[in-house]
Amino acid sequence: AVATPATPVENETPFKRLKRGLLSSVPSTQEFKEAGSFDVNKDESTVSITVVGASGDLAKKKIFPALFALYYEGCLPKHFTIFGYARSKMTDAELRNMVSKTLTCRIDKRENCGEKMDQFLKRCFYHSGQYDSLENFAELDKKLKEHEGGRVSNRLFYLSIPPNIFIDAVKCTSSSASSSIGWTRVIVEKPFGRDSDSSAALTKALKQYLEEDQIFRIDHYLGKELVENLSVLRFSNLIFEPLWSRRYIRNVQLIFSEDFGTEGRGGYFDNYGIIRDIMQNHLLQILALFAMETPVSLDAEDIRNEKVKVLRSMRPLQLEDVVVGQYKSHTKGGVTYPAYIDDSTVPKGSLTPTFAAAALFIDNARWDGVPFLMKAGKALHKKRAEIRVQFRHVPGNLYNQDFGNDLDLATNELVIRVQPDEAIDLKINNKVPGLGMRLDRSNLNLLYAARYSKEIPDAYERLLLDAIEGERRLFIRSDELDAAWALFTPVLKELEEKNVIPEYYPYGSRGPVGAHYLAARYNVRWGDLSIEQ
């Protein structure tokens, strides 16, 4: 949705003037820098996208396919070039062959698929070099200039590399390969440190070479369709916004579960654990979007300002409000599933949690006393990511006798299923047809696959397009990051210093029993474990 600018035309920034096409003449270099946009005079500008770490799994499975999808949908500018950069020795042809194996076309536009792939691959090139070599990045800069052909050059660097070499790569990018007359932006993948101190050190180091508005910290969960739809659902539907507070909402649950273990990634995972890997970023970002006040506008800074207010209003997380677990070996149907510590890349005797549940509270007027329960785990019985909003019981409900003693059966619940099978469910009570008075709990269901024929874009597509267009709404600002780490760092340190032993749960189960006790303490029942779910 594009909001009508509230500011008078004469007060608009160059970015807004460019976006609305109000500049009749060719914009100056300074205006291009301020605008950070290639929307006007495409013939005079070009975008060069460099995937640093091009030979890695993320690049092959997500970044290159997302770039091709954008090209296939006509979302990339007329003049663009894609470069892969990594230490591996590879030719342009070898890169194209590697990339071609992961490209797919949209279900509804398969006719010219092969032709589009060939055109896209012709725009892909490769340069081999070290991540800390100014000389190698200068060689890359020379190649980029050859392809840019004297146009206004805008450059996007995607750092798909381990965090320990972020700073070296950013230094070389800034010093040897940044654009001299257009914009230069850098996408940084999580993890953004391990705690408050390491995150602050990383941010400080990045800002030695880049301005804050050049840094795009990506959390791919913010690019998912149902997360993007959260604010639309709330702010454009009158039936929801008045209910979005402690007066009507009893609890909110943010649930993430995977039905597989670390599967060879244990070495990386063991250094971070499920709280850092999922809770501190994905789930907390969704919570902030869910709970924020109405922003002044849809402008990125207005939205991020409101998210920061939520994070700063949150009560410090206590150890007694956290349950950690680790999956153990389990045999089911004649198949034996390995324990976490059976992974050859995991240190023997590791106490790293593969499951965590936590109760969080926002100490502000809207949410005072409402428990926000988070749950994330690996090797559970089902793969899912969802938000569950359980509303309060109807006061003086005339039909309580029809529900018996369990009033939870009569609770209205809004379920936003982020993945898989994206959907929005609203659970309501209604009468079963017949002469008697029998009540039933039913779903008002919006199943995206049934309602919309168009395939849902991958999260990376949306986020890459936003980065190219300079839209920062779905990227994490440094003060957001500081507030998120401030919430989780004390409890993470306490878990590690006290060597808290995780509760063991069988591979493929519903998780540790302790999670149920944590929810029960706040009079909450996990919605994903009910019979109807």
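Mentor: Before we start, helices here are DSSP runs of H or I with at least four residues, strands are runs of E with at least two, and both are numbered from the N terminus. This is a predicted model, in which local features need pLDDT of at least 70 and side-chain atom pairs count only at pLDDT 80 or more, while totals for chains, interfaces and linings use all residues. Residues are numbered from 1 along each chain as its sequence is written, and side-chain values use heavy atoms, with hydrogens and water left out.

Trainee: Okay, where does isoleucine 501 lie?

Mentor: Isoleucine 501 is in the loop that runs between helix 16 (478–497) and strand 17 (503–506).

Trainee: And is isoleucine 501 buried or exposed?

Mentor: Isoleucine 501 counts as exposed, because its relative accessibility is 59%, where exposed means over 50%, buried under 20% and partly exposed in between, with a 1.4 Å probe and protein chains only.

Trainee: Switching to helix 15, how many of its residues are buried?

Mentor: In helix 15 (residues 459–469), 10 of the 11 residues are buried, so the rest of the structure largely encloses this helix. Among them are Tyr460, Glu461, Arg462 and Asp466.

Trainee: What's at the start of helix 15?

Mentor: There, aspartate 458 has a side-chain oxygen that comes to within 3.0 Å of the backbone nitrogen of tyrosine 460. Following helix 15 is glycine 470, which has a positive phi, near 80°.

Trainee: How many disulfides does the structure hold?

Mentor: The structure holds 0 disulfides, a disulfide being a pair of cysteine sulfur atoms within 2.5 Å. Cysteine 172 counts as buried at 2% relative accessibility, whereas cysteine 75 counts as partly exposed at 31%.

Notes: Polar contact = N/O pair within 3.5 Å; in protein donor to acceptor, adjacent residues only side chain to side chain.
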